[in-house]
Amino acid sequence: MAAQRLTALSRWENEGGNPRAAEPEAPADTPGMTHAEIVLLRVRVISLENLLIAVLSGGTDRQMQAARDMAAVIAPRPDVTQHSLTIRASQHMNDIVDRAVHMRGILS
């Protein structure tokens, strides 16, 4: 299980803090997002965060710790400077777990 977690977490090297990560190229005929699409995307992210909080609030302490462990290991390779978005993502993951702990207290 630990090996699987490390494999999954290693994928973070290609996000946020890795300036050498290849950016996926959109096909030339792909239009940019409209304001309405961006708003809808924000709504979906908020919905997903709240669903995750609900699921975690009913989860075990081990699951909550696994989420915190994942947040703690989000970092670029040693030779790459930490990126502010990576730092914020890690902090946000811990905030979600904190909110789940709070909801657990309210719901129980």
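This is a predicted model: local features need pLDDT of at least 70, side-chain atom pairs count only at pLDDT 80 or more; totals for chains, interfaces and linings use all residues.

Trainee: Okay. How many helices and strands does the protein chain have?

Mentor: There are four helices and zero strands. Along the sequence, the pattern reads α-α-α-α.

Trainee: What share of the residues is buried?

Mentor: Of the 108 residues in the protein chain, 19% are buried.

Trainee: And the surface, how much of that belongs to carbon and sulfur atoms?

Mentor: Carbon and sulfur atoms account for 60% of an accessible surface of about 8200 Å².

Trainee: What about contacts between residues at least 6 apart in sequence?

Mentor: Of those contacts, 75% join residues at least 24 apart.

Trainee: Let's switch to helix H3. What span should its twelve residues have?

Mentor: At 1.5 Å a residue, H3 (residues 61-72) should span 16 Å. The C-alpha atoms at its ends are 16 Å apart, so the model agrees with that expectation.

Trainee: Which residues of H3 are buried?

Mentor: Met64, Ala67 and Ala71 are the buried ones in H3. Seen down the helix axis, the buried residues fall within an arc of 60°, so they line one face of H3.

Trainee: What do those buried residues pack against?

Mentor: They pack against helix H2 (35-57) and helix H4 (84-107).

Trainee: And which residues are exposed on the other side of H3?

Mentor: Arg62 and Ala72 are exposed there.

Definitions and conventions:
Residues are numbered from 1 along each chain as its sequence is written. Side-chain values use heavy atoms; hydrogens and water are left out. Helices (H or I, at least four residues) and strands (E, at least two) are DSSP runs, numbered from the N terminus. The expected span of a helix is 1.5 Å times one less than its number of residues. Buried means under 20% relative accessible area, exposed over 50%, partly exposed in between (1.4 Å probe, protein chains only). The arc is that of the directions from the helix axis to the C-beta atoms. Contact means heavy atoms within 4.5 Å. Accessible areas come from the Shrake-Rupley method with a 1.4 Å probe; for residues, only the protein chains shown count as cover.
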